[in-house]
Amino acid sequence: MAGHDVCDATHPPPRPSDEVPRNSLRRARWAIALVFLVHGTVTGNFATRIPWIQDHVGISTGQLGLALAFPAIGASLVMPLAGRISHRFGARTALRGLLALWTLALILPALSPGLITLCCALLVYGASAGMADVAMNALGVETEERLGRPIMSGLHGMWSLGALLGSAAGTVAAHAGTDARLHLGVAALVLTAIGTAACGGVLDLRSAPDAHPPPRFTWPPKAALVIGAVGFCAVFAEGASLDWSAVYLRDVLHTDAGLAAASTTAFSCTMAAVRLAGDKVVARFGPVRTVRAGGALATAGGLLVVAAQQPAMALAGFAMIGLGIAVVVPLAFAAAGRSGPAPSQAIAGVATITYTSGLIAPSTIGGIAQATSLTASFMLVTVLAAGLIAGARVLRLPGRTAADSSRGTADADGAGRA
């Protein structure tokens with residue numbers, strides 16, 4: 001997401017951290033971390049119940065893929081509004097409202113009686129997700145700047161941890177045969193309450209009275225397009241695995257609903273662990289070697305999924321994909337931030353590419369599956385994972401040490417998907 005762009009346009013330049021009491025800054029850090037956790041938990045809960053929603057609505061794999069394109073449409077239409085909402089109401093109030101819209105939207109897909117209503121529900125779901133994502137990343141960046149040390153990698157690790165917790169809850173609900181309307185309804189109410197409370201502790205930033213609203217759209221520089229292509233490959237694999245892993249195990253390997261949902265948990269688990277520890281790995285091996293090794297691991301995981309004859313093989317494959325791609329997007333933002341004279345524009349460009357990739361991946365997988373098979377769809381994921389090996393060199397940061405690269409990763413990660 002274009003968190004840096006929103007931040008630059010919505011708020012005045014960063015002020016020294018001593019203008020905000022240190023206790024308030026520490027409280028704000030943990031509050032925004034909890035917001036990231038809540039956002040990820042919504043995603044994890046939804047992903048594990050996609051098979052139930054498909055059966056409940058009574059749609060084919062291709063129709064499900066079509067429906068899963070609507071979150072991308074919704075987000076693309078309204079994401080620029082998040083900056084304007086923050087500009088008008090202040091960052092804290094805007095985040096509280098947008099996060100509540102996102103958490104409450106969790107129940108809508110399960111309530112849909114048919115394909116058309118499901119598409120409409122997912123349109124709202126995606127729109128609220130995109131605006132909340134922009135708002136929380138903008139506040140995360142502002143909090144980091146006032147603290148004077150990196151926190152964004154940890155915040156995105158919290159998002160992955162939230163996705164893990166949500167997928168674990170969904171796995172339990174699916175295994176118990178719980179109606180998704182009850183499961184997601186309860187989850188929506190609980191997460192709304194937690195998110196609203198957490199937003200009370202974030203920084204209450206407001207635009208200057210004479211500040212202009214942020215622009216609706218800016219073209220990314222050419223360098224951002226090249227770097228964004230690497231991020232595109234990683235996020236496509238993430239989106240495809242998160243939304244289709246449960247369906248893959250159920251339809252291809254004929255597992256029960258509980259075990260199918262566990263594939264999402266395995267994927268989210270490895271993503272969370274690596275993102276939380278990713279800075280130390282990059283500091284030791286550097287961004288290029290880290291991404292090449294990750295690309296090789298994700299490619300092997302994709303091949304394992306495609307070749308799987310037993311559920312355990314597919315579960316291991318999805319876990320390896322998550323392990324391999326976890327740190328790619330933060331490193332892409334780090335490279336973008338140093339790719340030219342307009343770092344925030346470059347970061348926003350890469351963010352747009354990667355976020356769009358994650359949203360179109362599920363529908364693309366569904367379309368290919370309808371024309372061929374889900375196995376063929378994950379061959380595409382495998383090919384894109386292999387592209388990370390070839391494209392890793394564009395993330396090289398000339399004249400900087402691995403430790404510097406790691407610090408840059410944390411700084412730039414704020415513009416990315418949680």
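Setting aside neighbours within four places in sequence, leucine 123 is in contact (heavy atoms within 4.5 Å) with Phe70, Ile73 and Gly74. Keep in mind that this is a predicted model, where local features need pLDDT of at least 70, side-chain atom pairs count only at pLDDT 80 or more, and totals for chains, interfaces and linings use all residues. Residues are numbered from 1 along each chain as its sequence is written, and side-chain values use heavy atoms, with hydrogens and water left out.

Leucine 123 sits in helix H8; helices here are DSSP runs (H or I, at least four residues) numbered from the N terminus. With a relative accessible area of 29%, leucine 123 counts as partly exposed (buried is under 20%, exposed over 50%, partly exposed in between, with a 1.4 Å probe and protein chains only).

| Helix | Residues |
|---|---|
| H6 | 81–89 |
| H7 | 91–104 |
| H8 | 115–147 |
| H17 | 374–391 |

H6 and H7 pack at an angle of about 130°, with axes 7 Å apart. The contact is made by Ala82, Ile85, Ser86 and Phe89 of H6 and Ala91, Thr93, Ala94 and Leu98 of H7.

Technical notes. Axes are lines fitted to C-alpha atoms, for helices over the stretch in contact, and angles run from 0 to 180 degrees between N-to-C directions. Helices (H or I, at least four residues) and strands (E, at least two) are DSSP runs, numbered from the N terminus. The expected span of a helix is 1.5 Å times one less than its number of residues.
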